[in-house]
Amino acid sequence: MKTAFVAFALGLAAATAASAAPLVLTLENHRFTPSAITVPAGRKIEIQLINLDPAVEEFDSRDLRVEEDVTPHGRTSFTVGPLKPGAYSFMGEFHAGTAEGVITAR
């Protein structure tokens, strides 16, 4: 009985993690929206990046160990984590003065 319950609980946890909605970031006027995001610690996060600008951009984060290009008016997706509690900064490599943000894992 205990074995069946543990298997059910593990299956439910895996299904919940797999069905977590992706984090959608929009890039417009060389700015990320939202620019400050809080996510649960200990989970992988799928990020969908939508570029509404007419210029290519690169999502760049040393903290997250990610460099991901997105074409003009294009979209891309990638996964980060699982993240330990903390703050992880990111920026647009080609417009670092305006395209910046932070993901906080709690």
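View 1. D60 stands opposite M91 in strand 8, strands being DSSP runs of E with at least two residues, numbered from the N terminus. Strand 5 and strand 8 run antiparallel and are joined by two bridges, where two strands are said to pair if DSSP finds at least two bridges between them. The model is a predicted one, in which local features need pLDDT of at least 70 and side-chain atom pairs count only at pLDDT 80 or more, while totals for chains, interfaces and linings use all residues. Residues are numbered from 1 along each chain as its sequence is written, and side-chain values use heavy atoms, with hydrogens and water left out.

**View 2. E58, a buried charge in strand 5.** E58 lies in strand 5, which covers residues 57–61. E58 is buried yet has no salt bridge, and R62, the nearest side chain of opposite charge, is 9.3 Å away. Here buried means under 20% relative accessible area, exposed means over 50% and partly exposed lies in between, with a 1.4 Å probe and protein chains only; a salt bridge is a side-chain nitrogen of Lys or Arg within 4 Å of a carboxyl oxygen of Asp or Glu. For charge, Lys and Arg count as positive and Asp and Glu as negative, whereas His and the chain ends are not counted. Leaving aside residues up to four places away in sequence, E58 touches E67, E68, D69, M91, G92, E93 and F94, contact being heavy atoms within 4.5 Å.

**View 3. The largest nonpolar core.** Of the 21 residues in the largest nonpolar core, F59, L83 and I103 touch the most other members. Strands that each supply at least two residues of this core include strand 1 (23–28), strand 4 (45–51) and strand 9 (100–105). Such a core is a set of buried Ala, Val, Leu, Ile, Met, Phe, Trp, Tyr and Cys residues joined through side-chain atoms within 4.5 Å. Not counting residues up to four places away in sequence, the contacts of I103 are L23, I37, V39, I47, L64, L83, G86, A87, Y88 and F90.

View 4. S35 is found in the loop between strand 2 and strand 3, and counts as partly exposed because its relative accessibility is 37%. S35 and G101 are 66 residues apart in sequence, yet C-alpha to C-alpha they are 4.3 Å apart in space. Among the residues that S35 touches, not counting those up to four places away in sequence, are F90 and G101. F90 itself stands opposite G101 in strand 9, within the antiparallel pairing of strand 8 and strand 9 over six bridges.

View 5. Strand 1 and strand 2 pair in the antiparallel sense over three bridges, and R31 in strand 2 is the bridge partner of E28.

**View 6. Backbone details in the loops.** H30, in the loop between strand 1 and strand 2, has a positive phi of about 60° although it is not a glycine. A cis peptide bond with omega of about -10° joins T33 and P34, and P34 lies in the loop between strand 2 and strand 3. The peptide bond from G81 to P82 is also cis, with omega near 5°.

Note on methods
Helices (H or I, at least four residues) and strands (E, at least two) are DSSP runs, numbered from the N terminus.
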